Amino acid sequence: MRFPGTISVPTEAFKAVLEGAAQSLRRAGFRDVVLIGDHGGYQGDLGAVAAKLNRAWVSSPARAHFVADYYSASVEPF
């Protein structure tokens, strides 16, 4: 553990969980799936998953949205 009380998973496993959850939401009828993160270390992973989903969903009304500003607002000065 890098930080007490936390667990780490491989990047590909994390991205697979995000993708699986988003696919499940889409099957349930959601058209917009929003990915936000509260840790800087995986912002790129969230963006990559959203881009992958949007390529796969191009012929459907569903879209994945990565909101980078959510995390940026917490670390950038006002």
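The model is predicted: local features require pLDDT of at least 70, side-chain atom pairs count only at pLDDT 80 or more, and totals for chains, interfaces and linings use all residues. Residues are numbered from 1 along each chain as its sequence is written, and side-chain values use heavy atoms, with hydrogens and water left out.

**Overall layout**

The chain contains 3 helices and 2 strands. Here helices (H or I, at least four residues) and strands (E, at least two) are DSSP runs, numbered from the N terminus. Read from the N terminus, the order of elements is α-β-α-β-α. The C-alpha trace spans about 40 × 30 × 20 Å along its principal axes. Of the 78 residues in the chain, 22% are buried. Buried means under 20% relative accessible area, exposed means over 50%, and partly exposed lies in between, with a 1.4 Å probe and protein chains only.

**Helices H1 and H2**

Helix H1 covers residues 11-27. With 17 residues, H1 reaches 24 Å from its first C-alpha to its last, close to the 24 Å expected at 1.5 Å a residue. The expected span is 1.5 Å times one less than the number of residues in the helix. Leu 18, Ala 22 and Gln 23 are buried in H1. Seen down the axis of H1, the buried residues fall within an arc of 130 degrees, so they line one face of the helix. The arc is taken over the directions from the helix axis to the C-beta atoms. Val 17 and Arg 27 are exposed on the other side of H1.

Helix H2 (residues 43-56) has 14 residues, and its first and last C-alpha atoms are 20 Å apart, close to the 20 Å expected at 1.5 Å a residue. Its buried residues are Gln 43, Asp 45, Leu 46, Val 49, Ala 50 and Leu 53. These cover an arc of only 165 degrees around the axis, which puts them on the same side of H2. On the other side of H2, the exposed residues are Gly 44 and Arg 55.

Val 49, in helix H2, is buried at a relative accessible area of 4%. The C-alpha atom of Val 49 is separated by 6.4 Å from that of Glu 19, although the two residues are 30 apart along the chain.

**Salt bridges**

Side chains of opposite charge can pair when their charged atoms come close. A salt bridge is counted when a side-chain nitrogen of Lys or Arg is within 4 Å of a carboxyl oxygen of Asp or Glu. The whole structure holds 2 salt bridges, tabulated here.

| Salt bridge | N to O distance |
|---|---|
| Glu 12 and Lys 15 | 3.8 Å |
| Glu 19 and Lys 52 | 3.0 Å |

Glu 19 lies in helix H1 and Lys 52 in helix H2, so this pair ties together parts that are 33 residues apart in sequence. Glu 19 is partly exposed at 22% relative accessibility, and Lys 52 is partly exposed at 43%. Glu 12 and Lys 15, by contrast, both lie in helix H1, 3 residues apart, about one turn of the helix. Glu 12 is exposed, with a relative accessible area of 58%.

**Aromatic pair**

A search of the whole structure gives 1 aromatic pair. Phe 14 and Tyr 42 form this tilted pair, at 5.0 Å centre to centre and 50 degrees between the planes. Rings of Phe, Tyr and Trp (its six-membered ring) pair if their centres lie within 6.5 Å; planes under 30 degrees apart count as stacked, over 60 as edge-to-face and the rest as tilted. The pair links distant parts of the chain, with Phe 14 in helix H1 and Tyr 42 in the loop between S1 and H2, 28 residues apart.

**Loop and surface**

Gly 37 is also in the loop between S1 and H2, and is buried, with a relative accessible area of 2%. From Gly 37 to Thr 11 the C-alpha distance is 14 Å, and the two are 26 residues apart in sequence.

On the surface, Val 34, Ile 36, Val 67 and Tyr 70 form a nonpolar patch with about 350 Å² of accessible area together. Patches are made of residues with over 30% relative accessible area and no salt bridge; like charges are joined within 9 Å, and nonpolar side chains (Val, Leu, Ile, Met, Phe, Trp, Tyr) within 5 Å. Accessible areas come from the Shrake-Rupley method with a 1.4 Å probe, and for residues only the protein chains shown count as cover.
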